[in-house]
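Subject: Structure handover

Hello,

Here is the structure we talked about, together with its sequence. My notes on it follow below.

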Amino acid sequence: MINLVKPLMPGATIGIVGGGQLGRMMTMSAKQMGFRVGVLDPMENCPTAQIADWHIIAEYDDILALEEMAKRSDVMTYEFENVSVEALNAILPFCEVPQGTDLLAITQDRLLEKSFLEANNIVIAPYATIISPTDIQDAIENIGYPCVLKTTRGGYDGKGQYVLKSRTDLASSMNLLREGTCELEAWIPFEKELSIMVAGNGREYTTFPVVENIHRNNILHETIAPANIPQDVVKEVERIATVIAKALDLRGVLGIEMFLTEAGSIYVNELAPRPHNSGHYSIEACNMSQFDAHIRGICGWPLGKTRLLSDAVMVNVLGEHLEETYRMIGRKAHWQFHYYGKSAAKKGRKMGHITIVTENIDRTLEEIKKTKIWD
């Protein structure tokens, strides 16, 4: 693990593994701070490459390509979880990777992630490891219906999981087992889905506001900042985030998704070892964005205290919404439009987001609804 004695200075080069929208927004923050940026991604005109200083076109597990990036960079980071731990470990002699690979290994495997959370006394949903079909019935006897079968690796935006509401769902869920070991989780009857971003630089940690997330078809639709929850819940979420960050010796930012029940119980659902979709509002609404915090964290810069400057609502723009949001550009002067430079607009694909800073969240949610874009 890196232990920067001195902060990395402007003019140094940051290498980003992964060229999606998160890497693009990391690059914007890094360049504003005076850094050079390179990206490794197999897609020629990926969102990050459009604004980075240089681009290595290669697969994420190409050790020779990663070694080339390491030799051209002063520090490296990753913008998504599905980067080869083994490949990154191979290039550690050539370049600092402040996030480390332990964090990556933990968040790539749901069972490792749950084991880490349990070891740190973090409340999670009851679960069981599923290796063969016979394991499911035994697990359901303890966990009950409804429950969720999830692959241990590779799932995102609802992919790699299947909700079981009764015995009739068992046969259909078996397809997931063909992908390897799974885990079966109890369904938490949540009142709200919450998330928090936490940042670290090896010496200090800071949390962003707790936000509420609204999903549609397992894809994030809206983020409301701040979440309308009691102050004691806010404090507990911040405490949980700080415990996790310290246990990981966090450098950069980490997203933590949680469920809040009607009784006020908090269950941690998932960790994301990089900027997160639900933190995009911070670009306009906070004194420091999640991307600024990530770059500051991996470069050893001080973080200070994060403050919410204005309430805000973030709404995702998927492929099916794209053209209609273009029509809003000339009508909504107070909306902040972010587009990611992706070439193909596909249904369900994240093409951008819109942030609206507001003095009245309910009125803003109604304004978004009245456009009928997201119906």
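How far apart are the centres of domain 1 and domain 2, taken over C-alpha atoms? The separation is 35 Å. Please keep in mind throughout that this is a predicted model.

The domain assignment divides the protein into three parts: domain 1 covers 13-97, domain 2 covers 126-186 and domain 3 covers 190-371.

The parallel sheet

For a place to look, take the pairing of β2 (residues 36-40) with β3, which runs in the parallel sense over three bridges. In β2, valine 39 stands opposite histidine 55 of β3.

The antiparallel sheet

A second open sheet also has four strands, in the order β5-β8-β6-β7, and here the pairing is antiparallel. The edge positions belong to β5 (127-130) and β7 (161-164), each with a single partner strand, so one side of each is left without a neighbour in the sheet. Neighbouring strands are turned by 20° against each other on average, again with direction ignored.

β5 and β8 (residues 182-186) run antiparallel and are joined by four bridges. Within this pair, threonine 129 stands opposite glutamate 183 in β8.

This sheet also has helices packed on it. Helix α5 (residues 110-119) touches β5, β6 (147-151), β7 and β8, with its direction at about 145° to that of β5. Helix α6 (residues 133-143) touches β5, β6, β7 and β8 as well, and its direction makes about 175° with that of β5.

Backbone points to check

- The peptide bond from tyrosine 145 to proline 146 is cis, with omega near -10°. Proline 146 lies in the loop between α6 and β6.
- Alanine 225 and proline 226 are joined by a cis peptide bond with omega of about 0°. Proline 226 sits in the loop between β12 (219-225) and α8.
- Aspartate 249 has phi near 50°, a positive value in a residue other than glycine. This aspartate 249 is in the loop between α8 and β13 (251-261).

The second largest pocket

The volume of the second largest pocket is about 350 Å³. There are 17 residues in its lining, and those nearest its centre are Thr207, Phe208, Glu238, Lys305 and Thr306.

Which elements each supply at least two residues of the lining of the second largest pocket? They are β10 (205-207) and α8 (231-248). The largest share, five residues, comes from α8. By type, the lining of the second largest pocket divides into eight nonpolar, five polar and four charged residues.

Regards

Notes
Residues are numbered from 1 along each chain as its sequence is written. This is a predicted model: local features need pLDDT of at least 70, side-chain atom pairs count only at pLDDT 80 or more; totals for chains, interfaces and linings use all residues. Side-chain values use heavy atoms; hydrogens and water are left out. On a 1 Å grid over the protein atoms alone, a cavity is a set of points where a 1.4 Å probe fits but cannot get out, and a pocket is an open set with protein on both sides within 12 Å along at least five of seven lines; lining residues have an atom within 4 Å of a point. Grid points are joined across faces, edges and corners, and a volume is the space filled by probe spheres set on the points. Ala, Val, Leu, Ile, Met, Phe, Trp, Tyr, Cys and Pro count as nonpolar, Asp, Glu, Lys and Arg as charged, and the others, Gly among them, as polar. Two strands pair if DSSP finds at least two bridges between them. Axes are lines fitted to C-alpha atoms, for helices over the stretch in contact, and angles run from 0 to 180 degrees between N-to-C directions. Contact means heavy atoms within 4.5 Å. Domain bounds come from an automatic or database domain assignment.
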